[in-house]
Amino acid sequence: MAKNLLIVESPAKAKTINKYLGKDFQVLASYGHVRDLVPKEGAVDPDRRFAMNYEVIDRNEKHVDAIAKAAKAADTLYLATDLDREGEAISWHIAEILKARKLLEGRALHRVVFSEITPRAIKEAVAHPRQLSMDLVNAQQARRALDYLVGFNLSPVLWRKVQRGLSAGRVQSPALRMIVEREEEIEAFKAREYWTIEADCAPPDQGFKARLMRLRGKKFEQVDLTNAAAAHAARDALLKSAQGRLVVANVESKERKRRPAPPFTTSTLQQEAARKLGFSTSRTMKIAQGLYEGVALGDEGVVGLITYMRTDAVSLSMDAIGELRQLIGQDFGARALPAEPHFYRNKSKNAQEAHEAIRPTSALHRPRDIAHYLNDEQRKLYELIWKRAVASQMQHATLNTVSVDLDAGGESMFRASGTTVVDPGFLAVYEEGRDAKNAEDEDEGRKLPQMKIGEAVPLAAIEADQHFTEPPPRYSEASLVKALEEYGIGRPSTYASIIQVLLNREYVILDSRRFKPTDVGRAVAKFLSAHFSQYVDYDFTARLEDELDAVSRGEEDWVPLLDKFWKPFKATVDDKSETVDRSEATGARELGSDPNSGKPVQVRLGRYGPFAQIGSKDDEDKPRFASLRPGQSMHTITLAEALELFKLPRNLGKADDGEDITVGVGRFGPFVKHGTLYASLQTGDDPYTIELPRALELIRAKAEAAANRIIRDFGNGIQVLNGRYGPYITDGDKNARIPKDKEPRELTEAECVELLAAAPNRPKRGGGRFGKGKGKAASRPAAKAAGKSSAASSAAAGEAAVGKTAASKAATRKAAPAKKAAGKTAAKKASAKKAAVKKAPAKKAAAKKVAADPPW
C-alpha cells in the first residue's frame, strides 16, 4: 500500500492527481460533503453554545469507509479538498471522522490547497502543507447553523400561514424579494408618451442622422414633447427656421482610452456565460468544474485547463502574468503588449478566500489547438475564459469620438456623434458584454464625414418619432447575479444554488429567460417582507455575510454571532405564529361582487394554487370555486376576468347517443366529459373556446385508448388489462400478476379467479387527491421540495431538513384514520402490520436520505 493518502472531493480530480504524484501516493475522493446535520429538530442546540449534531451522509458512507481503510495503511494523510471554506469544512469533517475511529494516532495530518490541477501546482502544494484553518471551518459551521435555524423555524410558519410544503431560506428569501419587487415595479409602471426629433442630413459624400439637443434656446428634454400635436408643431417650426440646411456650429474631437476588464471571478463568469452563451448559472459551474478537474488532451494526458472556479478574486499570479504577456507578444505583436503588466484590485475584504481569478492554467493551451478534445459547451466556456484572461493583460483600446453641433436657426441645435476605433488593443480579442446599451454604444462604429465650422449641411428631412417609456426589465440570470453581488447577498459560490432553489421551489419561473415570480413566490415574499422584514432586508443580509467573512478571517467568534441572530429571530417566529391571519398572509384579494348573486368575489391561494371564489363559507349555499387560467395571477386578475372563470363547466352539445358533452377544469387541468368518460384537453385546446367537433375527437381518442387497455372483460368486474408494467388481472379491489407461461388473451374466468385469490392483500395506497386517506399525498409536496433542494446549495439545507420533518409529522397525523380503518379485522390488521414491518427499513432509509442529502 502507498505510504501517503491524499483526499480530494471528486473522483475525476482524484484520477488526474494520482497520475501526478506517483506510486507513493494513493488518492481517494470524498465525493463532496461527508457529514451533515442530522435531519431533525435539535441538530443545532442554541442552549449549548449552538452545539451541532452531525452524522455521515448515507450516500457517502462507502466512500468514508474506503478512506478509513486506506488511512489505516498510510503513514501520512493529506487533506486536499477545495480551497474555499466549504472545502476546509469537508477536510475538517474527514479529520473528525478519522479521529473518532482512532485513525489519526501516530499519523501526520496535513492540509494542502491548490488553485489549479497541474503537476507543478500539486507537487508545490504537497511540499508546503499547512494546518487546518478552524477560522474557515467555523465560518462554514456558522453559515450552516444559520441556514438550519432559519429553515427549521421559519418554514413551518409558512406551512401554517401560506401553503403546505413551502420553505424559507436565509439567503434565497432576500433574492426572491428582489424578483418580486421588480415585478411590482413593472405592474405599477404607467407608460408615458414622448417624442424625439431627428434631422436626416444629406451631404454629398455620406448621409447621417442628428438628434435634437436644443429647442428654441432651451435644452431639449425627453418630457418636452408628449403628444403628436406638439411634436409636429416643433418639427414644422424647425423645418421653417432651417430652410433646407443645417450650419456646423462646432466640431469636437476627443480621444479616450478603454481599459480591459479584469479576469473572471465566479459571478462575472456566470454573467458573461449567461449573456454570450445562454448558459444558466448552474450549467456554467458544472462545465467549469469539468474544465478545472481535467480533460484528456491526447498525448498530454488529463490536464486541468482552468484554475479554481469559485473565487471572488481578480488577481493573477506573476507566473500567469508572465506567460500571458509572452503569448500576447507572440500572437498579437509588440503593439498589443503594454509596457507594464495590468494589476487588478480585489473588491473582496475576505483575504483568506481571495485566491487567483479564473484563468487558463496555461495560456499556451490556445482554444483552437485543443478544441477537438472538448465538447461544444466546454469549448465555448474555455474560449470565453481564455480570451478574457488574455485580454486583461493587453494594451488598452484607443477610441476617437467626434461630436458635431448643427445650428437649425431659431436658437435650435442638433448634434451628431460618431466613435471610431483608433487602436483596438484588447478589443481585438475580447469585449465585455452589457445587459443594456447606452447612447455611447449606439455611436460606436458610426463614422461621420469631415465637416468644418460654418459649413452648410443639406437637410433631407426632419422626423418626429413617437415613443413610450418602458418598465424596468425583469431580472435575467446575468442581471440577477450582478444585483446579488452588488447588494452583498450570498457569495459567488452560492449564486447558482440560490437561483436553483427558487426555481425548484417554483417560487419563480423563467419566462423568455427572465425571472417571473409565481403567485406562491409572491405570497412568500410578501409574507416575509411584512412580518420578517429584518431577515429579508438587503443590508441586514449583507452585514451578516460580512460578519461570516470576519469569522473566516479570525476577527470574530462564531458563537456570539449566532446568539445575536437567534434570540430576536426566535422571538419573532413565536409571535408571528400566533398573531398573523392566514388570509392576509396568502395575499387574498376581494375583487368586487358577482352581478348575479351579489356575493363577494375573491381570489385566494389554496393548496393546489390560486383560485377564484364566489361567496363565503358562512353563506347558506356553498361557495363556488374556479382555478385561475395559466398565465393569470391572483395579484393582477380583474373582476371581469374572474367571473369569466365561472362559465365552466360548459355544455357543448350532445353526442350520437344523446349524452351531453361538457368541458370543465379539474385539479389536473381542463377536460371534456361524456358520461363517465373524461378526456384531457391537449396543448392548444382552450376550455373556454373549444367546440363540439374537437371535443368529440378527444372523446373518441380516449375511448379507443381505453378499449385497447382491456384485453378481456368477463362482465362481472374481473378484467385482464394492459397496465404500465404489462398485462395484469383485476377485480377492482385486488390485482394479480399473470404467470409468464400464460397468454393474457387465453386466460379463462376460473383461472383469473384463482390467481386473484392467491394474490397478496396489499393495503390500498393513500387516497390522496381521490380518496380519504391523504397521508401519501400530504407528504408528497414536502418530499418533492426536499428532494429538489438536494441539487442546490448549503443555503437551502435547513429547508430540506424541515421539509422532511414537517412532512413526516403531517403524514403521521393524516394517515391515522386510514390506519384505524385498516385494523377493523384481525386478518387485515396482521397483513398490514406485516407489510409495514417489511417496508419500514426501506421507507426509513429513503426518508432519511431525502432530508439528509444537503443541497451541495
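User: How many strands form the open sheet, and in what order?

Analyst: Strands of a sheet pair through backbone hydrogen bonds, either parallel or antiparallel. In this predicted model, four strands form an open sheet. The order is S2-S1-S7-S8, and the pairing is parallel.

User: Which are the edge strands?

Analyst: Look for strands that pair on one side only. Here these are S2, residues 25-29, and S8, residues 108-111.

User: By how many degrees are neighbouring strands turned against each other?

Analyst: On average, 20 degrees, with direction ignored.

User: How many bridges join S1 to S2?

Analyst: Five bridges link S1, residues 4-8, to S2, and the two run parallel. Take Ile7 as one case: its bridge partner in S2 is Leu28.

User: Which helix lies across S1 and S2?

Analyst: Helix H1 does, spanning residues 11-21. H1 runs at about 170 degrees to S2.

User: Now two helices. At what angle do H2 and H3 pack?

Analyst: Find both helices before you compare their axes. H2 covers residues 61-73 and H3 covers residues 85-100. They pack at an angle of about 60 degrees, and their axes are 11 Å apart.

User: Is the crossing of H2 and H3 left-handed or right-handed?

Analyst: The crossing is right-handed.

User: Which residues of H2 and H3 meet?

Analyst: From H2 come Val64, Ile67, Ala68 and Ala71. They meet Ile94, Ile97 and Leu98 in H3.

Methods. Residues numbered from 1 in each chain as written. Predicted model: local features only at pLDDT ≥ 70, side-chain atom pairs only at ≥ 80, totals over all residues. Heavy atoms only, no water. Axes fitted to C-alpha atoms, helices over the stretch in contact; angles between N-to-C directions. Left-handed = near helix turned anticlockwise from the far one by under 90°. Contact = heavy atoms within 4.5 Å. Pairing = 2+ DSSP bridges.
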